[in-house]
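Trainee: Please show me how to read some features of a protein model, one at a time.

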Amino acid sequence: MKVDLAIRGNIVLPDCVLNNSIIGIENGVVVYIGDHNDILEAGEYLDASGKLVLPGAIDAHVHCYSSMEEGVGNLTRAAAAGGVTTIIEMPYNASGIICTAQLLSEKKEWMEQESVVDFALLATIQKEGSLDEIYAMAEAGACGFYVSMFNNDSTSIPRIDDGRLLDAFSIIAETELPVGVHCEVDEIIRAATVSMAPLGGDPRAHCWSRPKIAESIAANTVMELALLTGVKLHLFQCTFPEIFDSVQYYAKLGADVTAETCTHYLIFHEDDMLRLGAKGKINPPLRQAIDAEGLWTYLASGRISMVTSDHASWKLDRKSSRDIFQNASGVPGIESLLPILYSSGVATGVINLHDFVRVISQSPADRFGLGKSKGRLTVGYDADIVIFDPEAQWRIDESEEYSSAGWSLYHDMIVKGRIERTYVRGQLVYDGKEVLASAYGRFVKGSYQAKEWNML
């Protein structure tokens, strides 16, 4: 068998690890996995003996254009350096929301001009008016939808009220695509923010202004709506364990619901705000140390579907006010997602290697309809591969990262396990020192299949 590239190493499959084995790649696709080197004739051979051969990570929660300075170029270079081979981009730009098929197609074209890694796109809906564009955006290739229950900004991230959610969920259910939700009750946060405003000099006031109850009420509301409508629901950026208890409860009732957490909720907590200041400002906020500990326990038990970065890059001028409430919300993190989760989870024995690839590769692909070509090392799938040295120790240096932010919450952390190479569809895009490719990424369509009754 002739292949373009053969790699020897410890190949991490969904259910086992094939030590000292070979993976063969031809035309960007995995065509062979096994231990018989003599049957392959390779144009290029990489000996990664002793290293892990991982499926590329899929970051299901990134914001390329919350800050227009970041853009898809900077973000996807950071992705490649971080072992992320596919991103799922949010439908919110600083200039407006992606709520029509035309806008979705235009965004696809922008991103294809600069993206280093592959990408899928979420769409959203307007606060009012017709919902007919839901079908059109599904047909245009959206991998799902995203809505916010909190009015972060009326132009770029508007609040969708409960009645509108019910109507939209009923239609989205017909497309069989998932809908993700930012779960926070707007009214609770508005009132709490007013009462906490005098305490704005203490960075923790941001956490106090967005209490857990605002998140749990919102999550339970949309899970009730999902149960009623049958829509596939995904809860983004969940911050404390009890949310996942509710997910399990509604799943037992018959709701099709999954939920994620983010690396920053696993690593940091409310008291870290005293050190991090506005850099740690994120919505929903960091919770207490006991919540972070509980999330690790739930991750190990399989209750958490996936881990994402919620990457939103702001330069320090948007994080420099002494009043915590005057700073932008969001943190860069895509380049640290895989290394931090491995170092703090797998290397410490808190989670096993298969849990790791499940929450960082397999589950995001499956939930957002990319699972026929992405998310696992399997014959016939895209050769999205990370060569990873599990023994290497190194220090994260924010000055070396690709994001336009120029800073990282994880700066100076010593981590175990380092990315040596990243391949997207068999193409080397990162060699352990620098990103080598540009505009190599391609659009990955969602799983929507038009139905006859939809075409009348």
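Trainee: Leaving aside neighbours within four places in sequence, which residues is Arg-376 in contact with?

Mentor: First, the ground rules. This is a predicted model, in which local features need pLDDT of at least 70 and side-chain atom pairs count only at pLDDT 80 or more, while totals for chains, interfaces and linings use all residues. Residues are numbered from 1 along each chain as its sequence is written, and side-chain values use heavy atoms, with hydrogens and water left out. Contact means heavy atoms within 4.5 Å. With neighbours up to four places away in sequence set aside, Arg-376 is in contact with Pro-14, Pro-55, Gln-362, Asp-366, Gly-371 and Tyr-381.

Trainee: Where is the place of Arg-376, and does it count as buried or exposed?

Mentor: Helices (H or I, at least four residues) and strands (E, at least two) are DSSP runs, numbered from the N terminus. Arg-376 sits in the loop between α13 (353–367) and β16 (385–395). A residue is buried under 20% relative accessible area, exposed over 50%, and partly exposed in between, using a 1.4 Å probe and protein chains only. Arg-376 has 16% relative accessibility, so it counts as buried.

Trainee: With which side chain does the side chain of Arg-376 make a polar contact?

Mentor: A polar contact is a pair of N or O atoms within 3.5 Å; within protein, one must be able to donate a hydrogen and the other to accept it, and residues adjacent in sequence count only if both atoms are side-chain atoms. For Arg-376, the partner is the side chain of Asp-366, at 3.1 Å.

Trainee: Now a helix. What span should the 14 residues of α4 have?

Mentor: The expected span is 1.5 Å times one less than the number of residues. Helix α4 (residues 162–175) should therefore span 20 Å, and its end C-alpha atoms are 20 Å apart, in agreement.

Trainee: Which residues of α4 are buried, and what covers them?

Mentor: Arg-164, Leu-165, Ala-168, Phe-169, Ile-171, Ile-172 and Thr-175 are the buried residues of α4. Their cover includes α3 (133–139), β10 (144–148), β11 (178–182), α7 (212–229) and β12 (232–235).

Trainee: What caps the N-terminal end of α4, and what comes just after α4?

Mentor: Asp-161 is the cap: one of its side-chain oxygens lies 3.3 Å from the backbone nitrogen of Gly-163. Just after the helix, Glu-176 takes a positive phi of about 65°.

Trainee: How do α4 and α7 cross?

Mentor: Two packed helices are described by the angle between their axes and the distance between the axes. Axes are lines fitted to C-alpha atoms, for helices over the stretch in contact, with angles from 0 to 180 degrees between N-to-C directions. The axes of α4 and α7 come within 9 Å and cross at roughly 40°. Angles under 35 degrees count as roughly parallel, over 145 as roughly antiparallel, 65 to 115 as roughly perpendicular and the rest as oblique. The two helices α4 and α7 are therefore oblique to each other. On the α4 side, Asp-162, Leu-165, Leu-166, Phe-169, Ser-170 and Ala-173 make the contact; on the α7 side, Thr-221, Val-222, Leu-225, Ala-226, Leu-228 and Thr-229 do.

Trainee: What does Thr-229 touch, not counting residues up to four places away in sequence?

Mentor: Thr-229, which is found in helix α7, touches Leu-166, Phe-169, Ser-170 and Ala-173. Its C-alpha atom is 9.6 Å from that of Ala-168, 61 residues apart along the chain. A polar atom of the Thr-229 side chain lies 2.8 Å from the backbone oxygen of Leu-225, and the Thr-229 side chain also reaches the backbone nitrogen of Val-231 at 3.4 Å.

Trainee: How do the axes of α8 and α11 cross?

Mentor: The axes of helix α8 (residues 241–253) and helix α11 (residues 289–301) come within 8 Å and cross at roughly 40°. That makes α8 oblique to α11. The contact is made by Pro-241, Glu-242, Phe-244 and Asp-245 of α8, with Asp-291, Gly-294, Leu-295 and Tyr-298 of α11.

Trainee: Which peptide bond is cis, and what phi does Arg-425 have?

Mentor: Most residues other than glycine have a negative phi, and most peptide bonds are trans. The bond from Asn-283 to Pro-284 is cis, with omega near -10°, and Pro-284 is in the loop between α10 (273–276) and α11. Arg-425 is not a glycine, yet has a positive phi of about 50°. Arg-425 lies in the loop between β17 (414–424) and β18 (427–430), and at 10% relative accessibility it counts as buried. Ala-439, also not a glycine, has a positive phi of about 55°; its place is in the segment after β18, and it is partly exposed, with a relative accessible area of 37%.
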